[in-house]
Amino acid sequence: MADVYVEANTHRAYEAHSSGISWSAIFAGAIMAWAMTILLLVFASAIGFSAVSPFPGSGVTMTEFHIASGLFTVLIALIASSMGGYITGRLRTRWVGIHTDEVYFRDTAHGLLSWALATVMAASVVALSAGLVAGGAAAGAGAGATSGMSSTLLQSSIAKMPATSTTYSSKLFRAAPTTAMPVASADTSSANTTQNSDADDIFTGSLRSDKEISAEDRTYLAQVISTRTGLTPEQANERIDATYAEARQTAEEARKAAVRATLWLTAALLMGAFAASIAATQGGNLRDRDVPVA
């Protein structure tokens with residue numbers, strides 16, 4: 001009995017002066033989870049490109065693609081997080097002289113920390129990429145949302161992104177089929193470029209503020225359209241209304257797609273956290289069980 005008492009006190013002394021966190025195991029699990037995520041995303045991209053067809057009536061519908069991409073995102077999170085959590089549990093330091101419930105809690109915490117570290121690492125990369133993309137997409141019409149933890153969700157977002165304001169400018173200033181347009185000189189081209197830029201600013205500002213085009217801007221656009229296309233003021237105003245309505249509809253579709261993608265991403269993160277915790281406890285249990293007893 002004396003030997004058991006001394007050993008228990010030795011374990012308590014060791015436990016009191018040691019950390020309950022195995023950071024090396026957490027980092028290893030996070031890297032594994034991140035690598036598995038990249039691998040599965042590449043595979044998901046191949047499936048997504050093979051399932052979607054640019055021709056109408058071919059491939060899956062957009063609704064089916066949204067659902068499939070969301071489910072695949074959750075599946076990726078489950079697989080990658082489970083692998084990362086399991087690696088964390090198997091590689092963590094063996095704790096001695098503590099209660100079984102405490103070991104279970106620590107394994108759960110290690111799995112969560114591994115998932116959290118992998119998520120922060122991925123979010124940092126996505127934030128950097130989104131910043132670069134935002135610089136090129138600043139001229140887009142509407143306040144589109146950028147998201148992308150998954151290539152499949154990114155493909156879905158691209159399919160629903162609003163057309164650029166340059167596209168709408170071309171629709172605004174498209175000449176009527178029966179109108180003979182004069183040959184553009186250098187000065188005319190420069191003026192047209194300025195007018196296109198003005199139209200872009202008007203559309204972008206109105207869409208972002210979710211307001212109708214002001215009377216002053218509408219009058220300016222109608223005059224420019226009439227001058228460049230030969231349309232009457234009434235026809236010019238009709239073109240402005242039709243083009244702006246199309247722009248708002250496209251922006252609304254992009255917003256809804258972003259909401260769906262965000263909800264699927266939230267579900268994937270929650271399921272990933274749960275899977276990492278459970279897998280870490282399983283790995284930790286095997287870690288302790290496989291230690292030979294002297």
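A helix here is a DSSP run of type H or I with at least four residues, numbered from the N terminus. Thr 281 sits in one such run, helix H9. The model that holds this residue is a predicted one.

**The chain as a whole**

The chain has 9 helices and 0 strands. Read from the N terminus, its elements run α-α-α-α-α-α-α-α-α. Of the 294 residues in the chain, 32% are buried. Take the contacts in the chain with a separation of 6 or more: residues 24 or more positions apart account for 81% of them.

Is Thr 281 buried or exposed? Its relative accessible area is 8%, and buried means under 20%, so Thr 281 is buried. Which residues does Thr 281 contact, leaving aside its neighbours within four places in sequence? They are Tyr 104, Asp 107 and Thr 108.

Ser 69 belongs to helix H3. With a relative accessible area of 4%, Ser 69 is buried too. Ser 69 and Ala 44 are 25 residues apart along the chain. Their C-alpha atoms are separated by 8.3 Å.

**Helix H8 and its partner H9**

Helix H8 covers residues 215-229, and helix H9 covers residues 233-289. How long should H8 be? At 1.5 Å a residue, its 15 residues should span 21 Å. The end C-alpha atoms of H8 are 21 Å apart, which agrees. After H8 comes Gly 230, whose phi is positive, near 85°.

Several residues of H8 are buried, among them Leu 221, Val 224 and Arg 228. Ala 222, Ile 225, Ser 226 and Thr 229 of H8 are buried as well.

The axes of H8 and H9 come within 9 Å and cross at roughly 115°. The crossing is right-handed. Which residues make the contact? On the H8 side they are Arg 218, Leu 221, Ala 222, Ile 225, Ser 226 and Thr 229. On the H9 side they are Pro 233, Ala 236, Asn 237, Arg 239, Ile 240 and Asp 241. The residues of this contact divide into 6 nonpolar, 3 polar and 3 charged.

**Aromatic pairs**

A pair of aromatic rings is described by the distance of the centres and the angle of the planes. How many aromatic pairs are counted here? The count comes to 2. The table gives their values.

| Pair | Centre to centre | Angle between planes | Class |
|---|---|---|---|
| Trp 23 and Phe 27 | 6.4 Å | 50° | tilted |
| Phe 43 and Phe 72 | 6.3 Å | 40° | tilted |

Begin with Trp 23 and Phe 27. Both lie in helix H2, residues 23-51. Why are they separated by about one helical turn? Because they are 4 residues apart in that helix. Trp 23 has a relative accessible area of 46%, so this residue is partly exposed. Phe 27 has a value of 43% and is also partly exposed.

Phe 43 and Phe 72 form the other pair, which is tilted. This pair links distant parts of the chain. Phe 43 is in helix H2, while Phe 72 is in helix H3, residues 62-91. The two are 29 residues apart. Phe 43 counts as partly exposed, at 48% relative accessibility.

Notes:
Residues numbered from 1 in each chain as written. Predicted model: local features only at pLDDT ≥ 70, side-chain atom pairs only at ≥ 80, totals over all residues. Heavy atoms only, no water. Axes fitted to C-alpha atoms, helices over the stretch in contact; angles between N-to-C directions. Left-handed = near helix turned anticlockwise from the far one by under 90°. Contact = heavy atoms within 4.5 Å. Nonpolar A, V, L, I, M, F, W, Y, C, P; charged D, E, K, R; others polar. Expected span 1.5 Å × (residues − 1). Buried < 20%, exposed > 50% of the residue type's maximum accessible area, 1.4 Å probe, protein only. Phe/Tyr/Trp six-rings, centres within 6.5 Å; stacked < 30°, edge-to-face > 60°.
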